[in-house]
Amino acid sequence: TVRGQWLSDYAVRCVAPPFDEGVVSVRVANNGQDYGSAGDATFTFMRRVTLLDITPKSGPSRGGTTIVLHGTGLASIDKLWCKFNWTVVAGAAVILSDNDTIWTCVTPPMIEHHELVTVSVGVNPYDFQTSSDTVFQYISDARVNGIHPSTGSLGGGTEVTLMGSNFPNLESLTCRFGDAGTSPARFISET
């Protein structure tokens with residue numbers, strides 16, 4: 001039994017006590033002992049979800065990066081929310097070919113010029129478990145203004161230098177050559 005807070009004739013706020021995993025009905029007593037009908041009011045107690053890591057750890061400031069969540073308790077849930085500092089987004093379960101499930105979230109656009117944001121997860125859009133180690137870095141879009149050389153053999157292997165702006169010094173830096181694929185890039189300078 002927990003004490004509720006009266007909000008109006010139509011709403012009461014209560015804080016869920018600790019309990020075992022499972023679904024329980026929720027009822028209200030006006031006198032502390034005679035509980036009315038639960039109707040459709042149920043509450044599900046779930047294991048705590050803990051976020052340990054995300055991939056990738058960076059993406060464009062415009063948002064839209066799909067991050068994969070790595071943590072504990074993710075296998076036993078059916079809904080998940082991610083919070084990027086103060087912005088909450090719904091997660092999505094992705095079922096893999098081996099029937100394994102991974103959880104993903106799509107980053108929102110950067111808020112208030114915060115380059116590094118803390119990422120946290122929750123089983124509802126209100127309660128989040130935060131780890132100060134789990135951060136996402138917003139980076140400006142890289143812009144390519146030139147390439148040298150601009151031709152090479154069909155067999156690949158031509159080393160090219162790209163000129164432009166906003167090139168980050170990150171291990172995840174890659175170049176995409178149309179439909180031919182990607183290759184790792186080596187940082188030289190931001191321009």
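Select Glu-159 and Arg-186 to begin, and you will find their side chains meeting in a salt bridge, 3.6 Å from N to O (a salt bridge being a side-chain nitrogen of Lys or Arg within 4 Å of a carboxyl oxygen of Asp or Glu). Glu-159 lies in the loop between strand 14 and strand 15 (161–165), while Arg-186 lies in the segment after strand 17 (182–184), so the pair ties together parts that are 27 residues apart in sequence; strands here are DSSP runs of E with at least two residues, numbered from the N terminus. Glu-159 counts as exposed at 62% relative accessibility, and Arg-186 also counts as exposed, at 61%, where exposed means over 50% relative accessible area, buried under 20% and partly exposed in between, computed with a 1.4 Å probe on protein chains only.

Before moving on, please note that this is a predicted model, in which local features need pLDDT of at least 70 and side-chain atom pairs count only at pLDDT 80 or more, whereas totals for chains, interfaces and linings use all residues. Residues are numbered from 1 along each chain as its sequence is written, and side-chain values use heavy atoms, with hydrogens and water left out.

Asp-141 is partly exposed, at 38% relative accessibility, whereas Arg-62 is exposed, at 53%.

Next, select Lys-57 and Asp-53, whose side chains form a salt bridge with an N to O distance of 2.2 Å. Lys-57 is partly exposed, with a relative accessible area of 44%, and Asp-53 is partly exposed as well, at 29%.

Now turn to the largest nonpolar core, which has 18 residues, those with the most contacts inside it being Ile-67, Leu-69, Leu-80, Cys-82 and Phe-84; such a core is a set of buried Ala, Val, Leu, Ile, Met, Phe, Trp, Tyr and Cys residues joined through side-chain atoms within 4.5 Å. Among the elements that give two or more residues to this core are strand 5 (50–55), strand 8 (81–84) and strand 11 (101–106), while strand 12 gives the most, with three residues.

Finally, select Leu-69 and display its contacts (heavy atoms within 4.5 Å): leaving aside residues up to four places away in sequence, Leu-69 touches residues including Asp-53, Leu-80, Cys-82, Trp-103 and Val-121.

Conventions: Helices (H or I, at least four residues) and strands (E, at least two) are DSSP runs, numbered from the N terminus.
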